[in-house]
Amino acid sequence: MNTKQNVIPVFMAVDNNYIPFLGVSLKSLIDNSSRENNYEIKILYTNASEENQKKIKAYEKENVSIEFVNLSHKLKEIEDKLYTRNYFSNTTYFRLFIPELYPEYDKAVYIDSDTVTLADIAELYNTEMGDNLIAGIPDGAVQAIPIFQEYVEKVVGVADYNNYFNAGIIVMNLKALREYKFQDKFLYMLSKIKFEVAQDQDYMNRLCKGRVKLLGFEWNRMPAMGEQNGELKLIHYNLGCKPWYFDNVLYQEYFWKYAKETEFYDEIKEMEKDYTEADKEKDDANSSKLIELAKKEADCVGDDRINRR
C-alpha cells in the first residue's frame, strides 16, 4: 500500500447475522472509491466467524485494507449497563469507543452496514469539521414522525429536532472527541440516564449537542423519508426499509445492483424468501412499540420549548 497517499479511515460494526449486508455495503463503497486514496477499513465485532471474515477480506485491493477488530474485551467492561431493543445488538455501541481505541487517527468516518455508497466516501471524510465533534445528517425517521420530534427535543434535549443527527453515517472528529473526554462522559451518563428509544444515538446527540455540523441528506438518504429531490450519495436502509425482506423499498435497485456482484446474493435472496408474514407482523409491532415508547417518555417530561423559541 502506498503510504504517501491520503489515508481515509472507515469504521463499521457487524455480527455474523449481518455479514451478507456488510458485503454489499463494502462492495458499493470500494467500487466508488478513488485510486488517489488509501482506505483503511476497520470492522468492529464480537461475533464473526473466521470463514465470514475471510470472505469479507477478499474485498481488499492495493489501496483498500480491511481489518476485523474484536471488541469482546471492551464490551465485557460495560455490557451489564447497555440496553438494546428489538433486532439491535450491542454492536450499535461500538462507534462510541473509536476515539480512544484509535489515537493514531484524528478523524474517521463511521458507516452502518445496511447502506449502499454511491460516491467516494473520501468526499464525506474531507468534510471541514472546525471545532465540531461530529458531522452528521438529520435523522430521516425523526423528520418524518412528529412523536420522535417531540421525544428528541424533550427527552434527549436537543434544541430543535432538525439538529438531531442519525448516528449511522457520521464523520467523527476523533482528536476533538478525545480532548472532550467523550468516552468518560458517555460512561458517566450511561450510569445516570437510560435512553431506550435510539440508545447510543441518543447518547451521542446529548453529549455532542452544540458541536455538530449538519450535512445534506444526500449522504444519508433513508427510504422511510419517501421520494426526495437532490443527489444520492449514500442510501441507508434503516428501520423497516430492508430490500432483502420487501420488494417495494425505495432505492432497492441500488442494493440489488451491488448484491448481485457479491457471493452473498443467493444467501440474501433466501432470506427474502424465508421472511414470513408473521415476521412482518412482529417487525411492525416492534415499530409501533418504539413509537409508543417515545410518546410515553416524552409525556413524562415537562415542556418548556415555547419559552426557548
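This is a predicted model: local features need pLDDT of at least 70, side-chain atom pairs count only at pLDDT 80 or more; totals for chains, interfaces and linings use all residues.
Which residues do ring pairs link into a cluster?

Stop 1: Select the strands. Seven of them form an open sheet with mixed pairing, in the order S3-S2-S1-S4-S7-S6-S8. Now colour the two edges, strand S3 (64-70) and strand S8 (212-214): each has a single partner strand, so one side of each is left without a neighbour in the sheet. Turn the view to look along the sheet, and you can follow a twist that averages 30° from one strand to the next.

**Stop 2: strand S7.** Select residues 165-172, which make up S7. Eight of its eight residues are buried, so S7 is largely enclosed by the rest of the structure. On one side, S7 pairs with strand S6 (residues 134-138) in the antiparallel sense, over five bridges. Show Ile-137 and you will find Asn-166 of S7 opposite; Pro-138 has Phe-165 of S7 as its bridge partner. Then move to strand S4 (residues 108-111), which also runs antiparallel to S7 and is joined to it by four bridges. Here Ile-111 is partnered with Ile-169 of S7.

**Stop 3: two helices on the sheet.** Select residues 200-208 for helix H10, which packs on the sheet and touches S6, S7 and S8. The direction of H10 makes about 60° with that of S7. Next, pick helix H2 (residues 50-57), lying across strand S2 (37-45) and S3. H2 runs at about 160° to S3.

Stop 4: Tyr-45 belongs to strand S2 and Phe-68 to strand S3, 23 residues apart in the chain. Both Tyr-45 and Phe-68 are buried.

**Stop 5: the ring cluster.** Across the whole structure there are 17 aromatic pairs. Now for the opening question: select Tyr-18, Phe-21, Tyr-237, Trp-244, Tyr-245, Phe-246, Phe-255, Trp-256, Tyr-265 and Tyr-275, the residues that ring pairs link into a cluster. Zoom in on Tyr-18 and Phe-21, whose centres lie 5.0 Å apart with planes at 70°, so this pair is edge-to-face. Tyr-18 is partly exposed at 23% relative accessible area, whereas Phe-21, at 3%, counts as buried.

**Stop 6: lysines over rings.** Finish at Lys-107: its charged end sits over the ring of Tyr-125, 5.0 Å from the centre.

Conventions: Residues are numbered from 1 along each chain as its sequence is written. Side-chain values use heavy atoms; hydrogens and water are left out. Two strands pair if DSSP finds at least two bridges between them. Axes are lines fitted to C-alpha atoms, for helices over the stretch in contact, and angles run from 0 to 180 degrees between N-to-C directions. Contact means heavy atoms within 4.5 Å. Buried means under 20% relative accessible area, exposed over 50%, partly exposed in between (1.4 Å probe, protein chains only). Rings of Phe, Tyr and Trp (its six-membered ring) pair if their centres lie within 6.5 Å; planes under 30 degrees apart count as stacked, over 60 as edge-to-face and the rest as tilted. A charge sits over a ring if NZ of Lys or CZ of Arg is within 6 Å of the ring centre and within 35 degrees of the ring normal.
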